[in-house]
Amino acid sequence: MVRVKLIIKGRVQGVFYRAYTKEEAQKYGITGWVRNLSDGNVEVVAEGKEESIKKLIEWCRKGPPYANVRKVDVIWEEYTGEFADFSISY
């Protein structure tokens, strides 16, 4: 099991990025959260099997239909097992 923090940059707010990310995470059995940041970026903290996390990262690089992702910063962290599910944080 692994943990990753993602900062997604580009036109990623106001395009249902958080809702689609939650759907993708649930599809792969990933736990954690997604939230908008005040600078216009989106942050994701996710835990799960390495293969599933890598699929989520790849999905985040393109995002939902109306998103325009410029860059995804990937920061690998130590797995904690602290999450029961995947949620949208406000």
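These are my notebook entries on a predicted model of one protein chain.

**Basis of the entries**

I number residues from 1 along each chain as its sequence is written. Because the model is predicted, local features need pLDDT of at least 70 and side-chain atom pairs count only at pLDDT 80 or more, while totals for chains, interfaces and linings use all residues; side-chain values use heavy atoms, with hydrogens and water left out.

**Entry 1: overall layout**

I looked up the elements and found two helices and five strands in the protein chain. Helices (H or I, at least four residues) and strands (E, at least two) are DSSP runs, numbered from the N terminus. Read from the N terminus on, their order is β-α-β-β-α-β-β. The radius of gyration is 12 Å, close to the 12 Å from the globule rule for 90 residues, so the chain is as compact as a globular protein of that length. That radius is taken over C-alpha atoms, and the rule is 2.2 Å times the number of residues to the power 0.38. I noted a span of about 30 × 25 × 20 Å for the C-alpha trace along its principal axes.

**Entry 2: burial, contacts and charge**

I found that 44% of the 90 residues count as buried. Buried means under 20% relative accessible area, exposed over 50%, and partly exposed in between (1.4 Å probe, protein chains only). For contacts (heavy atoms within 4.5 Å), I took those with a separation of 6 or more; residues 24 or more positions apart account for 77% of them. The chain carries 15 positive and 13 negative side chains, and the centres of the two sets lie 6 Å apart. Lys and Arg count as positive and Asp and Glu as negative, whereas His and the chain ends are not counted. Each charge is placed at NZ of Lys, CZ of Arg, CG of Asp or CD of Glu.

**Entry 3: strand β1**

I next examined β1, where seven of the 10 residues are buried, so this strand is largely enclosed by the rest of the structure. Two strands pair if DSSP finds at least two bridges between them. β1 is joined to strand β4 (residues 68-77) by nine bridges in the antiparallel sense, and Ile7 stands opposite Asp73 there. With β3, β1 pairs over seven bridges, again antiparallel; Ile8 has Val42 as its bridge partner in β3.

**Entry 4: strand β2**

I traced β2 (residues 31-36) to an antiparallel pairing with β3 (residues 42-48) over six bridges, in which Gly32 stands opposite Ala46. Three bridges join β2 to strand β5 (residues 86-88), and these two run parallel. Trp33 has Ser87 of β5 as its bridge partner.

Beyond its neighbours within four places in sequence, Asn41 contacts residues including Ile7, Ile8, Gln13 and Arg35.

I then turned to Phe16, in the loop between β1 (2-11) and α1 (17-27). Its phi is near 65°, a positive value in a residue other than glycine. Phe16 is exposed, with a relative accessible area of 64%.
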